Amino acid sequence: MPKFQRIKVAKISESISSQLEDLILEGVLKPGEKLPAERELAEQMEVSRPSLREAIVVLEARGLLESKRGGGTSVCSIVNPTMVDPLIELMKKREDAKFDVLEMRRILEVAAAGYAAERRTDTDLDLIKQRFEELDDAYAAQEADPKREVEADVAFHLASADASHNMALMHVMRSMIELLRTDISLNIHRLRQREEDHAPLRAQHSRIFEAIVAGDADKARYVANCHLDFIEQKLREHIKHQKREARAKRRLHQ
């Protein structure tokens with residue numbers, strides 16, 4: 001006969017921390033998001049406040065939650081974000097760094113689009129559709145609103161990452177959100193200088209959306225890659241034009 005081991009019933013605090021940890025890892029609770037007030041959260045989970053506090057202390061020790069006196073408890077980023085600010089400054093100062101960021105986006109966004117097409121659920125599709133419609137509305141607005149377009153663009157790509165159901169990919173993209181937002185903002189600023197450069201973005205995002213909805217992973221990866229190819233091409237043309245203009249001005253002032 002085998003030697004059976006005693007079944008251990010988990011402590012309430014362990015069940016609480018397990019549930020919160022799962023919600024953080026799955027991206028339901030996002031970096032920077034605040035938890036409800038202690039009393040409210042304890043009531044929702046039907047647990048005692050001491051058990052809840054014990055669970056929060058455990059998650060703080062794991063680096064998943066952060067509590068501030070008078071500021072409540074918020075979700076930490078799983079991926080260390082300390083590298084993002086220097087990258088943003090580097091991208092603004094050096095032209096070659098802009099293309100490095102595009103290469104990084106190509107790796108993440110192309111993979112996210114493909115996995116989203118393969119794995120998206122009906123609920124994922126509802127959110128992706130909502131995010132796409134918000135982006136399409138920004139394109140269709142009579143008065144240009146670059147900030148609105150940038151935020152809608154970022155939200156669309158994050159929804160695709162969430163639908164990939166790859167927790168590592170999802171958290172890496174969310175940890176890089178400020179870098180992503182800055183890159184998209186700079187790109188849109190340049191592309192809006194010529195309508196023929198900016199206009200194709202609407203159709204490109206539409207093709208990505210349609211491929212994900214259709215569940216066509218190969219096409220989703222292809223059109224996402226084509227979108228970033230287009231941006232890179234236009235940025236290189238913009239840089240060449242700036243250099244030609246600088247040379248022309250130097251000759252003018254000789």
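Hi everyone, let me start with the cysteines: searching the whole structure turns up zero disulfides, a disulfide here being a pair of cysteine sulfur atoms within 2.5 Å. This is a predicted model, where local features need pLDDT of at least 70, side-chain atom pairs count only at pLDDT 80 or more, and totals for chains, interfaces and linings use all residues. Residues are numbered from 1 along each chain as its sequence is written, and side-chain values use heavy atoms, leaving out hydrogens and water.

C226, at 29%, is partly exposed.

Now the largest nonpolar core. That term means a set of buried Ala, Val, Leu, Ile, Met, Phe, Trp, Tyr and Cys residues joined through side-chain atoms within 4.5 Å. This core has 30 residues, and I128, F156, I212 and I231 touch the most other members. Helices 5, 6, 7, 11 and 12 each supply at least two of its residues; helices are DSSP runs (H or I, at least four residues), numbered from the N terminus. Helix 12 gives the largest share, nine residues. Apart from this core lies another, of 15 residues, including L20 and M45.

L102 counts as buried because its relative accessibility is 1%. Which residues does L102 touch? Leaving aside residues up to four places away in sequence, L102 touches D183, N187, L228, I231, E232 and L235, where contact means heavy atoms within 4.5 Å.

How values were computed. Buried means under 20% relative accessible area, exposed over 50%, partly exposed in between (1.4 Å probe, protein chains only).
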